[in-house]
Every structure is written in C-alpha cells, then in structure tokens.
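Open your viewer and get the cartoon on screen. We'll go from stop to stop, selecting a few residues each time.

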Amino acid sequence: RRFFRIAPLFYLAIGLYTLVYGFGPREYAPNGIQAWQYPLTFLFLNGWHPEAINSIVPIEWSVAIEMTFYLCIPLLFAALKDLESTGLFIIGSLILQFTLAAVLTPVLMLHYPDQSRLVRSFLFLWFFSQLPVFGIGIATYHIFRATKLVKDRKLGLTLLAGAVFLFVVGLNVKTFLGLLPQHVFYAVAFLLFALALHYHPTRVLVNPFTRWVGRVSYSLYLLHFLVVELIMRALPAPWPMGKTTAFFLAFVLITGLSLPVAGLSYRFIEVPGMNFGKRLIRGLEKPAAPQTAP
C-alpha cells in the first residue's frame, strides 16, 4: 500500500528532474549523475551511498529513509509496545547514530578527502540519523493511545506555545558534542504541535484548506523544487528589493504556483496509483476457491 502511494510520483519525479537539471555535477553529486545512481534510486536504496542519497531528485533522501522505515515497521511494532520501550529506543538510536558517525566519518573522509561537506550531509541525512525522529513519532502514537480525547482549549494553547518555542529555539540549538541534534528538537516540537491540535483543533490550523494541503502534501513536497527552478529562470536574482521582502514574495510565488501543481499531481498520479495498489492487495487477499471433486 505504501509503495503504490510513494513510487508512481517518485518515479515520475526522477524523469522530470533529470530533464530539468541534466547530468552535471551538483552539491550531492560532485562527480555528476552517473548510470549506477538510477537503479539505486528506483529501488529506494540511494539512502545508503553519499553520492546517491540526494543526487537526482532534490529531496529524494527523505523518500529513501521513509521506505527503509516502512521495512522496519513490523519489527518496531512488535518491539515498541508502550511509551517506556519507545523512550529507550529513542535514547538507543541517538547513541547508535553518534557512534556510527564517529566511526564512519574518518572512513568516508578517506574516500572523499576534499568533500567534507558531502560526508557531513550524508551522515545527517541517512537512516540512522533520522531514526530518533521516527521514534518520537511512535512516542506520539503511544501518547495519543494513552490520552483520552477531551477538548481542552487551555492545555491545547499551552502545548502550542511550547511547540512554537521549540521551533524558534531549534533554529540555533547546540548541545554538548552534538549529542542531541537540531532535527530532534524539531521532532519534539512537532510532537507538542500534534498534541496541541489533539486537545484544541483551532480552526486557524485545522480547516478544509489545511486538510486539503495535507492530502496533496507529498506532491507539494516532491514537485515544488521544479516550481522554484522555473521561477529562478524566469526571474533571476538579484531581485530589486530587500532580502526580507524578496523572501516573502518568493514564498507567495512558490506556494501559489506549487499548490495547483500538487493538486493535479494528487488527482491524476497519486490517486490512480493508490487505487491500483488497493485493487492489487484485494486480489492478493482473496481466499482461494475451494477445490471440488470431479
């Protein structure tokens, strides 16, 4: 089910971004795009190689990490049955990432002696770095299970304020030896944000428009870089205005153009893909016809 939700649009994006960006060198592919990177990306294995993790599609790293996580779900579902076990898992995953990064950094630097940024980026983006975030998502699930859905405006607004505070703090947070990475702060902020909307789904944040954006968010996420590229080509920098004004203008342009593109993509690519997956699954789950004697 998840494959048919993710793969059709992702495979189309591989072709589109190849047409737009070509095969030349770029930040995550300093030697350019090569043939071996395509099968890794199609199989969602690009997350395990520094020169493939984010080479063809600008945000393909997260798709690869997500698909790896889906493969782990049966084990995690069996092992993380409560908040206590999930908390231990989060701590263990942080220790594991810190240890792996310490061991692999010098090894990778031998292979990429002049590309320390590529090595740092890979060890930030790869599966084990993001594993604590998945753990915090599972913790959110357990908190929901243990919490009765009783509307509480005061509690909801308090949690929302805490989430906003962590979002701001996370912009510049640093801990000893980087033991608690910045993206983990953001994951905790989103945990509080989810709980805030659980207790007080304020209409400013929960309404038909935001729910629609949620439905098309995968298309929006995957395709908005195409819109960014088209805007940059049509309106090359520098823009004749201050940076703050330029930022908000760019935000409005990118969002305003990306949303209809995402809506079309959802309707004509994602939905047919999901429907095909559902039909296939129903066919596989049908009981075999009983054998009758001649």
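A quick word on helices before you click: here helices (H or I, at least four residues) and strands (E, at least two) are DSSP runs, numbered from the N terminus. What you have open is a predicted model, where local features need pLDDT of at least 70 and side-chain atom pairs count only at pLDDT 80 or more, while totals for chains, interfaces and linings use all residues. Residues are numbered from 1 along each chain as its sequence is written, and side-chain values use heavy atoms, with hydrogens and water left out.

**Stop 1: a serine in H4**

Select Ser 93, which sits in helix H4 (residues 83–111). Is Ser 93 buried or exposed? With a relative accessible area of 3%, Ser 93 is buried; that word means under 20% relative accessible area, while exposed means over 50% and partly exposed is in between (1.4 Å probe, protein chains only). Now show what surrounds Ser 93: leaving aside residues up to four places away in sequence, it touches Phe 128, Leu 131 and Pro 132. A contact here means heavy atoms within 4.5 Å.

**Stop 2: the whole chain**

Zoom out. The chain has 11 helices and 0 strands, and its C-alpha trace spans about 70 × 65 × 45 Å along the principal axes. Of its 294 residues, 38% count as buried. Take the contacts with a separation of 6 or more: 69% of them join residues 24 or more positions apart.

**Stop 3: salt bridges**

How many salt bridges does a search of the whole structure find? It finds 4, a salt bridge being a side-chain nitrogen of Lys or Arg within 4 Å of a carboxyl oxygen of Asp or Glu. Let's visit some of them.

- Select Glu 66 and Arg 2, a salt bridge whose closest N and O atoms are 3.9 Å apart. This pair links distant parts of the chain, with Glu 66 in helix H3 (residues 60–79) and Arg 2 in helix H1 (residues 2–21), 64 residues apart. Glu 66 is partly exposed at 23% relative accessibility, and Arg 2 is partly exposed at 38%.
- Next, pick Glu 27 and Arg 117, whose side chains meet in a salt bridge at 3.0 Å, N to O. Glu 27 is in the loop between H1 and helix H2 (37–42) and Arg 117 is in helix H5 (residues 116–125), so the pair ties together parts 90 residues apart in sequence. Glu 27 is partly exposed at 44%, whereas Arg 117 is exposed at 54%.
- Then go to Glu 229 and Arg 233, joined by a salt bridge of 2.9 Å, N to O. Both lie in helix H10 (residues 217–234), 4 residues apart, about one turn of the helix. Glu 229 is buried at 16% relative accessibility, but Arg 233 is exposed at 51%.

**Stop 4: beyond H11**

Last, find Lys 286 in the segment after helix H11 (243–285). Lys 286 is exposed, at 63% relative accessibility.
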